[in-house]
Each structure stands twice: as structure tokens, then as C-alpha cells.
Amino acid sequence: MKICRLLAFAALVLLSNCVLADILIGRVVRIADGDTLTVLEDNRVQYKVRLAGIDTPERRQAFGAKAKRHLSDMVMGRTVTVEYGKLDRYKRIVGKVTLNGVDICLEQIKAGLA
């Protein structure tokens, strides 16, 4: 029951914090960590993308490698859609990443890695 409430709350936070304006569609070509990836558009332009509304352990922290591996297993080499409306201080796109309608941010939460 606690998990269901936590997931519902996380979904509300993700939806309420995102004013989505633009859409990026491309193939995932790199996974930096459990919440950052690189998307390559058909026009050969790459974009660093930070998953909106979540934070995962850094690579050298406990579960950091597992979070990265989980994200990689889900999206590496696949075409994703990124809905976004802002950049972070490192000039990365901050957005909701989906694969075939599945919210990748939420999948990281469900796996206990975010």
C-alpha cells in the first residue's frame, strides 16, 4: 500500500513540475548514469537529457552502477520520446522520457533506483 501511494505521489510530482513545450525523438546512444542519457536525432545532432523529477545515485555511490545498468537495459539503442520545457544549469534537456508510451522516469522509481 505504501508503494502505491509513493508511486501515485511521484507521478503527481512529475506531472505537476513539468510544463512541457517541446518534443525530441531520437535513438539513445549513451547512458551517463541512472538519470542522464544522450539522444541522437535523425539529423545527427546529439542532446544530453536529464530525466525529469528523479535523482539516482551517482556512478560511484551504492546502487549507482545498478541504476545506470537498469536505464541502459530499458533504452540503450532504442528510439525514445523526450517531452521537455527547460534546460538545467549544465545545458542538459530536462524532460520526461518515454519508450513506447512507458514513462522511463517512473520505471526507475518502480525499480527502487530513484
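Visitor: What volume does the largest pocket have?

Guide: About 160 Å³. A pocket here is an open set of points on a 1 Å grid where a 1.4 Å probe fits, with protein on both sides within 12 Å along at least five of seven lines, and lining residues have an atom within 4 Å of a point. This is a predicted model: local features need pLDDT of at least 70 and side-chain atom pairs 80 or more, while totals for chains, interfaces and linings use all residues. Residues are numbered from 1 along each chain, and side-chain values use heavy atoms, without hydrogens or water.

Visitor: Which residues line the largest pocket?

Guide: R30, A32, D33, T36, K48, E58, R59, R60 and R92. By class, seven are charged, one is polar and one is nonpolar.

Visitor: Switching to salt bridges, how many are there?

Guide: Four, counting a Lys or Arg side-chain nitrogen within 4 Å of an Asp or Glu carboxyl oxygen. One of them joins D88 and R92, with N and O 2.7 Å apart.

Visitor: Is that D88 and R92 pair buried or exposed?

Guide: Both residues are buried, meaning under 20% relative accessible area with a 1.4 Å probe, protein chains only.

Visitor: And what about K110?

Guide: K110 forms a salt bridge with E107 at 3.3 Å. Both lie in helix 3, three residues apart, about one turn; helices are DSSP runs of H or I, at least four residues.

Definitions and conventions
Points joined across faces, edges and corners; volume = space filled by probe spheres on them. Nonpolar A, V, L, I, M, F, W, Y, C, P; charged D, E, K, R; others polar. Buried < 20%, exposed > 50% of the residue type's maximum accessible area, 1.4 Å probe, protein only. Helix = DSSP H or I, 4+ residues; strand = E, 2+ residues; numbered from the N terminus.
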